[in-house]
Amino acid sequence: MKIVGRNEELLRDALSRIPQSSSRTSLSSCNKLIRFEDISAAAFKIQCGVQKTPCMYSRLSKQYGMDIYLKKEFLQYTGSVKERGVLYLLASLPQDQQRKGVIVASDSNFSMAVAYHASELRIPVFVIMSTSTSPARVKMCREYGAMVISYGTTAKDSQTHARRLAQENGYLYLEEEDSAVYLSGLGTVGLEVYEQVPKLDAVIFPAGGHCGLLAGSAAALKHLNPHVSVIGVESESFPVLQQSLKAGHPIEDQACSNHHFYGDVSGLCFGSNSLQLTGKLVDKVVAVREDDILISMLRLLEYERATVDAEGAIGLAALVAGKLPELKGKRVAVVICSGNLELHLLQQCIARALSLDSRVCRFSLVLSDCPGDISKLLEMLAREEARVLDIQEERTFVTSELFTVEVTCTVETRDKIHTAQLRNALLERYPTASWTER
């Protein structure tokens, strides 16, 4: 958590209120700003303000050959694990700053968490959002209790305006970073997973640029049991963490996407503290494709009835993609950290995932324009148990012989095997049928 305005003083005040113990300092060699005792203190302080989310055995276990337990952090009130770090930070602020209020400038999960928990703690909270922010996010933030101000066309405009308001009015400008307080709050996920899943072999976390959850939870898990493997997963398109670890410092000029599908997965590496902890405590960082993330979202929706975003699904995506074969037969927890998928993206993601999973397919063929020919095609599809989603006919621009019709069908199948059977049956009866490849 980056605190702008009397940064060191406020951070020191917050840390001074964390109970200290000299009996166990196993993490001091890794990072002096975060210890196991800090994480334990955070867990005690936020226990009444956030959900102790379930970590449940998943039906996906048989499909991927391991015991999979899903830590459902998307069940937090704002749909994000960020609440843990935000609540601990806000509750640790000096009372005079709590009276003056806080201000943030983004439409991220972090801002949503600040809006909600600041309101619950009766701290005045202001959120500056650009005019391009989706109306749904603006509405949600207001419902959490924040004063939302639309300003500027870009995120940079909003941040500049927020800093100016903070300086003029004495608000505390908050920007997500990796202070000890914030990491300690996020690290409570590791404590809960270890408590909820006995004989744990590995825990998988989302990584990317904002790797505070990975770093803080690794600190807790490695203290409790050094033999538990801690694994981070990021996108192949934005391997921010892997590049930062290789360089030995946070990468500043990494080209990142602003598309809301990726969220924090594509963000810049934001701090040396979390990077240092990750380098020392995390066993492995792997990257997955966008296709794997989409299929992971589909699996979670079907098997767990969980609607999650890319950041929430990326941990499971590593198992979907077969990136971690060493975990076969092991007991593995996967942190599903975020469920804030915007509605306009949900339909696109599901449709694309079904196509990638070979369960929605499209083909075209040319029939004679005679009564009954299309009916025969539909009868055949019914016998093959394919569900017709859409059918289109083209007569005017057909390039084949006269009095023919080009028919394009989109159908739904059970799985890849069913799709292959349908394709063979079509080609046997209609040799000129063409299959639309992904």
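Residues are numbered from 1 along each chain as its sequence is written, and side-chain values use heavy atoms, without hydrogens and water. Because the model is predicted, local features need pLDDT of at least 70 and side-chain atom pairs count only at pLDDT 80 or more, while totals for chains, interfaces and linings use all residues.

The chain has a mean pLDDT (the predictor's confidence in each residue, from 0 to 100) of 88. Of its residues, 88% reach 70 or more. Residues 3-31 have pLDDT below 50. Beyond near neighbours in sequence, that stretch has 55 contacts (heavy atoms within 4.5 Å) in the model.

Side chains of opposite charge can pair when their charged atoms come close. The model holds 21 salt bridges, each defined as a side-chain nitrogen of Lys or Arg within 4 Å of a carboxyl oxygen of Asp or Glu. One of them joins glutamate 304 to lysine 72, with the closest N and O atoms 3.2 Å apart. Glutamate 304 lies in helix H13 (residues 290-304) and lysine 72 in strand E3 (residues 67-72), so the pair ties together parts 232 residues apart in sequence. Helices (H or I, at least four residues) and strands (E, at least two) are DSSP runs, numbered from the N terminus. Both glutamate 304 and lysine 72 are buried. Buried means under 20% relative accessible area, exposed over 50%, and partly exposed in between (1.4 Å probe, protein chains only).

Arginine 289 and aspartate 292 also form a salt bridge (3.0 Å, N to O). Arginine 289 is partly exposed at 41% relative accessibility. Aspartate 292 is buried at 6%. In another salt bridge, arginine 359 meets aspartate 357 at 3.2 Å between the closest N and O atoms. Arginine 359 is buried at 12%, and aspartate 357 is buried at 9%. Lys71, Glu73, Arg84 and Glu192 are linked in a salt-bridge network.

Histidine 161 sits in helix H8 (residues 155-169). At 13% relative accessibility, histidine 161 is buried. Its side chain makes a polar contact with the side chain of arginine 164 (2.8 Å). A polar contact is a pair of N or O atoms within 3.5 Å; within protein, one must be able to donate a hydrogen and the other to accept it, and residues adjacent in sequence count only if both atoms are side-chain atoms. Leaving aside neighbours within four places in sequence, histidine 161 contacts Ile128 and Tyr151.

On the surface, Leu378, Val388 and Ile391 form a nonpolar patch with about 190 Å² of accessible area together. Patches are made of residues with over 30% relative accessible area and no salt bridge; like charges are joined within 9 Å, nonpolar side chains (Val, Leu, Ile, Met, Phe, Trp, Tyr) within 5 Å. Accessible areas come from the Shrake-Rupley method with a 1.4 Å probe; for residues, only the protein chains shown count as cover. Isoleucine 391 belongs to strand E13 (residues 387-394) and is partly exposed at 32%.
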